[in-house]
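Hi,

Here is the structure I promised to pass on to you. Have a look at it first, and then read on for what turned up.

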Amino acid sequence: GDILDDYLRTDGVWILTRNKQFYKTNNEKECAEKCEAERNFTCRAFLFTRKKLECLTLAENAKMTVMFASTDAVLYEKRIYLMQCKRGIGTDYRGTEAKTQRGIPCQNWAEKIPHKPNYTPEKYPNAGLEENYCRNPDGDESGPWCYTTDPAIRFDYCAIPECEDQVTHTGEGECMQCNGEDYHGEVSRTESGLECQRWDAQEPHMHGFTQKHYPEKDLKMNYCRNPDGELRPWCFTTSPNKRWEYCNIPRCSTRPPVPGLDSQCLSGKGEDYRGSVAITESGNACQHWNTQHPHKHGWIPNRYPCKGLEENYCRNPDGEKKPWCYTTNSSVRWEYCTIPPCDGTDQGIAGMDDVPVQVPLPEECYQGTGQSYRGTTSVTASGKTCQAWNSMFPHRHIKTPDRFPDADLRDNYCRNPDGDSSPWCFTTDPNTIWEYCNLKRCDDHTQE
């Protein structure tokens, strides 16, 4: 198999780690080989940056340290260090359980008190004897164990669940069509074996994916779902150290059902448009979806089989305001396309490049720092029109509705998704990225 099959991939993230090594590599596979060969520390993950072709081998994974967004980076974590379950007798178990089946904390493998160990990191360098984690260095038939911190009990076994038992509710022959947007099965474990958090819970992870906000997405129990157009179904996990993870649901071998006639004109946002317009509204020719030149991108046709990414036709795979494409002009990454509307009533929507300016109500104001503000003001303090939150023109950004589902990033209304001092927005002026909005703070009387 591919060397990368042993790793869990997460796009667009970076993790902070003290123990790391820099290498220059051409691709992710070469970086994985550096991780396998790493002798300075136990390599649990690596980061690869596409622009600089830089490879960082890491001693920690996302379970052990802080993770944040970084557009150009890809994080690959060794699956073996993410699994919280054991296969067979668990000689390859590298999870972080550190207490015995009776709840007694484990003794650190490198320590000699209260028990002098026969199995030490020096004697068994490949057995994963780190910290005080449960391990099985001697191939014990009863599974992972540890020396205990109780002077009266030298060692005891740990309660590590079997991996087979972890994938509950799989159901007979469960599979997903497309990217699993319509998956309604009952898988409730992630691909590394973590249990899913219930969608109606806000612990250990707070989120905005609730039945109330997404009534049509079937967010029930703790079943894996794909409410936001990800590559495949996922869930928030019950581990405080891992916010979310994909679920392992196979793609169905049968063809997906045809959802009626594909549209040859613009209706709504044009997500079902399957016409052959292949030129942008400024006249640039579209780049083919299956090529990475002149622009590298992630909308690869075989990854998204139901988005209609054929040839170089304009499409709307990501819920933009209308169909778009990457351009063959190396200095213009992407642009919207002009698609004929399906009927006269859509004319205004289709031909509209900017969201209309809403006239603010005179009594509109915000409380505190304005994170709860849900008004319709869309003008900045200097009078500039706000850019729509789901648009990347004229300014590309990461403050998108899917990343901040609780912040009500609708249209181009002023909001405060990131805890700034007051509501703000990106502007439609190419020379001004963002500004605070033309809003007053509510006075004490109004707040009462």
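A word on terms before the details: a pocket here is an open set of grid points with protein on both sides within 12 Å along at least five of seven lines. Please keep in mind that this is a predicted model.

With that in hand, the second largest pocket holds about 660 Å³ of space. Its lining has 22 residues, and those closest to the centre are Phe41, Thr42, Cys43, Tyr81 and Pro125. By type, the lining of this pocket divides into eleven nonpolar residues, three polar ones and eight charged ones.

Now for the chain as a whole. It has 448 residues, of which 45% are buried. Its secondary structure consists of four helices and 15 strands. Taking the contacts between residues at least 6 apart in sequence, 61% of them link residues at least 24 apart.

Is asparagine 248 buried or exposed? Its relative accessibility is 61%, so asparagine 248 counts as exposed, the cut-off for that being over 50%. Arginine 232 lies 16 residues away from asparagine 248 along the chain, and 8.6 Å separates their C-alpha atoms.

Best wishes

Methods:
Residues are numbered from 1 along each chain as its sequence is written. This is a predicted model: local features need pLDDT of at least 70, side-chain atom pairs count only at pLDDT 80 or more; totals for chains, interfaces and linings use all residues. Side-chain values use heavy atoms; hydrogens and water are left out. Helices (H or I, at least four residues) and strands (E, at least two) are DSSP runs, numbered from the N terminus. Buried means under 20% relative accessible area, exposed over 50%, partly exposed in between (1.4 Å probe, protein chains only). Contact means heavy atoms within 4.5 Å. On a 1 Å grid over the protein atoms alone, a cavity is a set of points where a 1.4 Å probe fits but cannot get out, and a pocket is an open set with protein on both sides within 12 Å along at least five of seven lines; lining residues have an atom within 4 Å of a point. Grid points are joined across faces, edges and corners, and a volume is the space filled by probe spheres set on the points. Ala, Val, Leu, Ile, Met, Phe, Trp, Tyr, Cys and Pro count as nonpolar, Asp, Glu, Lys and Arg as charged, and the others, Gly among them, as polar.
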